[in-house]
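Here are some friendly notes to read alongside the structure. Please keep the view open as you go through the points.

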Amino acid sequence: FRNELFSASKGDGFYFNKLKFERRSEREMSDSIIAVGVYQDISVPHEKYLKLYSLIATKCRTMRITGSAVLDQAWIAMGRLDAYVEFTIKPWDVAGSSLLVEESGCLAGNYGKNDFSVFGKSFIFASAKVFDQLIEIFTKIEFGDSI
């Protein structure tokens, strides 16, 4: 649709339209644009997620919902977004695109874990400046086993 091709290979960096791309955007949290996914499981109470999104909204410039986990991660790699937070998406939603994020110099993580796993329940993808602040926001809310 936009004639954009995003690619990466482990250890070789991030490419945009077949050209090696260096991400330059490192905004502070207060200036950041953060994408969020909307949790779809109606059997789980949404209050905690709404609280989390409310906390994020008060710390960033604006929030977006694009509806595409892969596009959100590619846009983090490009610097169009500063972070993306999502719950209970599937491994295939993050397996390839998380490499875009990491090869651009940004970070990929799961809530409550030190290492990133595509099999996690919650995902945080962000620039280095925003990542730790998002982890801090997550720790303010007790999620238990729901994420």
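1. A salt bridge here is a side-chain nitrogen of Lys or Arg within 4 Å of a carboxyl oxygen of Asp or Glu. Please bear in mind that this is a predicted model. Asp82 and Arg23 form such a salt bridge, with their closest N and O atoms 4.0 Å apart. The two residues are 59 apart in the chain: Asp82 sits in the loop between α2 (69-78) and β6, and Arg23 in the loop between β3 (19-20) and β4.

2. Which other residue does the side chain of Asp82 meet in a salt bridge? The partner is Arg27, at 2.8 Å from N to O. Arg27 belongs to the loop between β3 and β4 while Asp82 is in the loop between α2 and β6, so this pair ties together parts 55 residues apart in sequence.

3. Arg23 also forms a salt bridge with Glu26, where the closest N and O atoms are 3.5 Å apart. A search of the whole structure finds 6 salt bridges.

4. Arg27, at 23%, counts as partly exposed, as does Glu26 at 35%.

5. Next, look at strand β6 (residues 83-87). Because 5 of its 5 residues are buried, the strand is largely enclosed by the rest of the structure. Ala83, Val85 and Phe87 lie on one side, Tyr84 and Glu86 on the other, and both faces are covered.

6. Which strands are joined to β6 by bridges? Strand β4 (residues 33-36) runs parallel to β6, with 3 bridges between them; Ala35 has Tyr84 as its bridge partner. Strand β8 (residues 122-126) runs antiparallel to β6, with 5 bridges, and Val85 is partnered there by Ile124.

7. Helix α5 (residues 128-139) is worth a look too. Its buried residues are Val130, Phe131, Leu134, Ile137 and Phe138. They cover an arc of only 125° around the axis, which puts them on the same side of α5. Their cover includes β4, α1 (47-59), β6, β7 (107-109) and β8. The face turned away from this buried side carries the exposed residues Asp132 and Thr139.

8. Finally, the cysteines. Cys60 counts as buried at 9% relative accessibility, and Cys106 counts as buried at 4%. How many disulfides does a search of the whole structure find? The search finds 0.

Definitions and conventions:
Residues numbered from 1 in each chain as written. Predicted model: local features only at pLDDT ≥ 70, side-chain atom pairs only at ≥ 80, totals over all residues. Heavy atoms only, no water. Buried < 20%, exposed > 50% of the residue type's maximum accessible area, 1.4 Å probe, protein only. Helix = DSSP H or I, 4+ residues; strand = E, 2+ residues; numbered from the N terminus. Pairing = 2+ DSSP bridges. Disulfide = S-S within 2.5 Å. Arc of directions from axis to C-beta. Contact = heavy atoms within 4.5 Å.
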